[in-house]
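Hi,

Here is the structure I promised to pass on. Have a look first, and then read my notes below.

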Amino acid sequence: MSKDASQSARIHGDVGEPKATWSNFWKQPGIMVPLLTGLGIGVWGIVASQQPPPDPLVQCRERHPEADGVPKADAEQGQEGGAGAYTVQGCAQPGIPGAADDGLWQVKVATHRIPDTSLLDPYNQVEVFSTDCPALGLSYFWSKMDRTNKTRHVVQDGTTVSGHDGSSVSVAGHGIPTEVQDQALSGKYLTVLNNSRNELESVSCEPMTAVAPADSSS
């Protein structure tokens, strides 16, 4: 081979020297594996950052499927005078007083019949609520023959109110048993004077800011 031919072969890569091509570059494991791994982590990070944060209410309801805000009769009742005992559990946004760190709250309800009253009286029973919530939202379903009505009141714990409209009422003068009157006057319970036609459907734990200004006392 002449000197000129040998020089030309070296220039054009015809004398056993490997060609540095892009295809050979990408085939090298030391480059591809880290590169693909990095790309995968980057894509996953973008997808994860676009997902909304978990909803605390959804998480609470998944942990506590029974926490639906509906009163459930306690296993042991047997109180005299038509009284009953119920437990209500529900979920609230974290940070509301009375709710646990995961949003779970609980209310105990005791109902007491008022002696010598009937369905014709404005009040023939008393509901006593025991709770750590500063206020409760009470949803009622009232029915009489073919007439029905739904109401909801948000009332402060430690007060005595009417189950018909949520207004403040006096515990005296309605024939309420002395023991129940004492509970109401202690300020430790929410006391609701009601008619048994007005059925408690659901309860919610509420902050004080949800309480409407008091109407009038009677």
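Let me start with a detail: the link of Cys-133 and Cys-205 is left-handed, with -115 degrees about the S-S bond. The sulfur atoms of Cys-133 and Cys-205 sit 2.2 Å apart, and a disulfide here is a pair of cysteine sulfur atoms within 2.5 Å. Cys-133 lies in the loop between strand 4 and strand 5 while Cys-205 is in strand 9, so the pair ties together parts that are 72 residues apart in sequence. Cys-133 has a relative accessible area of 0% and is buried; Cys-205, at 5% relative accessibility, counts as buried as well. (Buried means under 20% relative accessible area, exposed over 50%, and partly exposed in between, with a 1.4 Å probe and protein chains only.)

Before going further, please keep in mind that this is a predicted model: local features need pLDDT of at least 70, side-chain atom pairs count only at pLDDT 80 or more, and totals for chains, interfaces and linings use all residues. Residues are numbered from 1 along each chain as its sequence is written, and side-chain values use heavy atoms, with hydrogens and water left out.

Back to the cysteines. Searching the whole structure turns up two disulfides. The other pair is Cys-60 and Cys-91, with sulfur atoms 2.0 Å apart. Cys-60 belongs to helix 4 (residues 56-63) and Cys-91 to strand 2 (residues 84-91), so this pair ties together parts that are 31 residues apart in sequence. The torsion about its S-S bond is about -80 degrees, so this disulfide is left-handed. Cys-60 and Cys-91 are both buried. If you number the bonded cysteines in sequence order, the pairing reads 1-2, 3-4.

Now the overall layout. The chain has five helices and nine strands, in the order α-α-α-α-β-β-β-β-β-β-β-α-β-β along the sequence. These are DSSP runs numbered from the N terminus: helices are H or I with at least four residues, strands are E with at least two. Of the chain's 218 residues, 32% count as buried. Among contacts (heavy atoms within 4.5 Å) between residues at least 6 apart in sequence, 59% join residues at least 24 apart.

What is in the cores? A nonpolar core is a set of buried Ala, Val, Leu, Ile, Met, Phe, Trp, Tyr and Cys residues joined through side-chain atoms within 4.5 Å. The largest has 19 residues, and those with the most contacts inside it are Trp-105, Val-107, Phe-129, Leu-136, Leu-138, Leu-190 and Val-203. Strand 3, strand 5 (135-144), strand 8 (190-194) and strand 9 (198-206) each supply at least two residues of this core. Not counting residues up to four places away in sequence, Leu-136 touches a list of residues including Val-107, Phe-129, Leu-190, Val-203 and Cys-205.

Ile-114 is in the loop between strand 3 (104-113) and strand 4 (125-131), and at 3% relative accessibility it counts as buried. Leaving aside neighbours within four places in sequence, the contacts of Ile-114 include Tyr-123, Val-126, His-174 and Ile-176. Ile-114 and Val-180 are 66 residues apart in sequence, and 10.0 Å apart in space from C-alpha to C-alpha.

Cheers
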